[in-house]
Amino acid sequence: MKLHTRQIRATAFFCLFTLALSAQPNRWQQKVKYKMDVDMNVVTNQFTGKQKLEYWNNSPDTLKKVFYHLYFNAFQPGSMMDTRSLRQGTIQAGRGADWDGRVKDRIRNLKPDEIGYQKILKLTMNGRPQKFEVLETILEVQLDRPIAPNSKVTFDMDFEAQVPLQVRRSGRDNPNTGVRYSMSQWYPKLCEYDYEGWHPTPYVAREFYGVWGDFEVNISIDKSYILGGTGYLQNTAQIGYGYEAPGTKVVRPAGDKLTWKFIAPNVHDFMWAADPEYKHLTRKVRDGIVLHLLYKSTASAKTWEDILDNAEKALPFIDKTFGLYPYKQYSFIQGGDGGMEYPMATLLASPGAWLHEWMHNWYQGIMGTNESLYAWMDEGFTSYADDRVGQFLDNKTGFAQGGNYAGYFSLVKSGKEEPLTTHADHFNTNSAYSAAAYSKGAVFIEQLGYITGAKQRDEILLDYYRLWKFKHPNVADFIRLAEKRSDLKLDWYKEYWVNSIKTIDYAFDSLWEEAGKTRIRLKRVGMMPMPVDLQLTFKDGSSEIHYVPLDLMYGTKPAEDETTRKVYAAWKWTSETYIVETNRRLSDLSVAEIDPSQRMADVERKNNRIKL
Ligand SMILES: [Zn+2]
């Protein structure tokens, strides 16, 4: 999702990626293969579905039950999502009530033909009927026989569903854009089982987590509808609508409906959208990758169409900085209620969030981090990447720090901050969730560059893609590869920044001259320790960098530029002060500044600079 905009730019750097020799970790993964046939009635907004799900249990565990998500059931009066939203409406946070402006009390007011539901009509495993229980948005299935480790079973399910009036992310007849169908979270989706066990997270707000696998989805719908979504359309010559190869004569089968046949390899979800008024544009951005744009608003047509130009321009930079885009298509689709990411596609209410949602494909789509547990590793990393690519498109380099640092600082000031380890649904306020996941998460990456050096941080991001793509990495996985790449211990950075809400504040304690040399006593005021870059600028215009590593790092970052740098013995984290020294006289000194790059998220920057 997109929440923030950014303004200010910062330090300039760019670097090349050097290939490391280590191999991908071999953590086990479950695997799915879905084949779904869906028949949509655009008058009743109901559809029937047949789902064949092949499930590989690659875990060392015997599974006695399985769980599915039934997301549409959240859109019923009295649901957990409704209850939670009404509660948030009574909490004041920031500028007003803490409830999501798109949800508010809208679920409470849905009429029977406006609610969403997913009803399971039949469920078998290897042909044998299974006992199941619907727990609102979770389906719990007690298996008649357990699934042994390293074995495969096949579930067959018949279901029917009603598409809710669009309240949040998915639904029909979006009140703002008029898009008929935004079909995310639309099918019974198997919950993920990983090294932490089952993840049957009730749907109350956010976020998503799924099993890697292959999808084959056949959607029968009124002939006048144009679709977009995850995956590759197979029967383009029967469909047309801009999907057919140039020069192909489109031959549609007889009847009122068309069946759209999609496949999507190696994804953890499948989204689609449909509207009879979509305008569909395509852009081949390189051999093997086509971008699709589906939108219906005419007022901002130019802004929508600019997406394709900008995306084409940005892709080489993105590939080089964050890793190669691995799929054959990506679709920017008008729909939903803001911006929301899905594998190979996004739903956008307006064109502005296109870049943020696209960059989600690297973190939500390709890494597939458990967003409920590590929302910040998706939203924060995405916000960071969005910012870097935005800078590139503005012909700038580096990271525009303004928005994300400011967002984090105001979170600290609000007094409502909770640790990044908080489950996305369980933050006390939506506002603290957003500032933590987006802003504090993005600062995590930029500030990592302060600790390791920006060049090393960029190499870490590429290692992350290379080592953990399609593997659901967690924060410990990220920190370990960052340690290996930087040759620094970084566990302390995780403990403080992710597991705690302790803050950083360094300051000047005192300056004095002794035997013709200037001594400066630095002070750690905040409880989170950090290495310190100190810049001294002299009246003759020259400057020196004084670098004090933190003892917990067991190393030093390499020099980041050509300025003279003096490296000190490590600052022990238990010590509150540290004295540095220059051979120049105090009267020569013009400015002393802690972290002139402002990448360290020092919550009190007023005491970071002294002008003499
Ligand atoms: Zn996002």
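In which order do the strands of the open sheet of 5 strands lie, and what kind of pairing does the sheet have?

Tutor: The model is a predicted one, and what follows should be read with that in mind. The order across the sheet is S21-S22-S23-S25-S24, and the pairing is mixed. Strand S21 (279–286) and strand S24 (339–342) are the edge strands. Each of these two has a single partner strand, so one side of S21 and one side of S24 have no neighbour in the sheet. From one strand to the next, the twist averages 15°.

S21 pairs with strand S22 (residues 289–295) in the antiparallel sense, over 7 bridges. Within this pair, Leu-281 is opposite Leu-293 in S22.

Two helices pack on the sheet. Helix H3 (residues 301–322) touches S21, S22, strand S23 (329–334) and strand S25 (345–348). The direction of H3 makes about 20° with that of S21. Helix H4 (residues 354–367) touches S22, S23, S24 and S25. For H4 the angle is given against S24, and it is about 30°.

Next comes S25, which has both of its faces covered. Ala-345 and Leu-347 lie on one side, Thr-346 and Leu-348 lie on the other, and all of these are buried. S25 pairs with S23 in the parallel sense over 4 bridges. Ile-333 has Leu-347 in S25 as its bridge partner. S25 is also joined to S24 by 4 bridges, and these two strands run antiparallel. Here the bridge partner of Glu-341 is Thr-346 in S25.

S24 and S25 form a hairpin, with 2 residues between them. Met-344, in the turn, has a positive phi of about 65°. Most residues other than glycine have a negative phi. Tyr-241 also has a positive phi, about 50°, although it is not a glycine. Tyr-241 is in the loop between helix H2 (236–239) and strand S19 (257–267), and is partly exposed at 24% relative accessibility. Tyr-554 is another residue that is not a glycine but has a positive phi of about 50°. Its loop runs between strand S29 (543–548) and strand S30 (565–567). With a relative accessibility of 67%, Tyr-554 counts as exposed, because the cut-off for that class is over 50%.

A second open sheet can be set beside the one above. It has 3 strands in the order S26-S27-S31, with antiparallel pairing. Strand S26 (506–514) and strand S31 (577–582) are at its edges, each with a single partner strand, so one side of each lacks a neighbour in the sheet. Neighbouring strands here are turned by 25° against each other on average, direction ignored. S26 pairs with strand S27 (residues 517–524) in the antiparallel sense, over 8 bridges. Trp-512 has Arg-519 in S27 as its bridge partner.

For helix against helix, take helix H8 (residues 454–468) and helix H9 (residues 475–486). Their axes are 9 Å apart and the packing angle is about 130°. H8 and H9 are therefore oblique to each other, and their crossing is right-handed. The H8 residues that meet H9 include Ile-460, Tyr-464 and Trp-468. On the H9 side, Phe-478, Leu-481 and Arg-485 are among the residues involved.

Then there is the core. The largest nonpolar core has 183 residues, and Phe-155, Trp-186, Trp-358 and Trp-362 touch the most other members. Helix H7 (residues 430–452) supplies the largest share of this core, 13 residues. Beyond its neighbours within four places in sequence, Phe-155 is in contact with residues including Leu-53, Tyr-55, Val-66, Tyr-68, Leu-123 and Ile-147.

Thr-48 is partly exposed, with a relative accessible area of 41%. Leaving aside neighbours within four places in sequence, Thr-48 is in contact with Asp-37, Val-38, Asp-39, Phe-159 and Glu-160. Thr-48 and Gln-118 are 70 residues apart in sequence, and 9.5 Å apart in space from C-alpha to C-alpha.

Conventions. Residues are numbered from 1 along each chain as its sequence is written. This is a predicted model: local features need pLDDT of at least 70, side-chain atom pairs count only at pLDDT 80 or more; totals for chains, interfaces and linings use all residues. Side-chain values use heavy atoms; hydrogens and water are left out. A nonpolar core is a set of buried Ala, Val, Leu, Ile, Met, Phe, Trp, Tyr and Cys residues joined through side-chain atoms within 4.5 Å. Buried means under 20% relative accessible area, exposed over 50%, partly exposed in between (1.4 Å probe, protein chains only). Contact means heavy atoms within 4.5 Å. Two strands pair if DSSP finds at least two bridges between them. Axes are lines fitted to C-alpha atoms, for helices over the stretch in contact, and angles run from 0 to 180 degrees between N-to-C directions. Angles under 35 degrees count as roughly parallel, over 145 as roughly antiparallel, 65 to 115 as roughly perpendicular and the rest as oblique. A crossing is left-handed if the near helix is turned anticlockwise from the far one by less than a right angle, and right-handed if clockwise.
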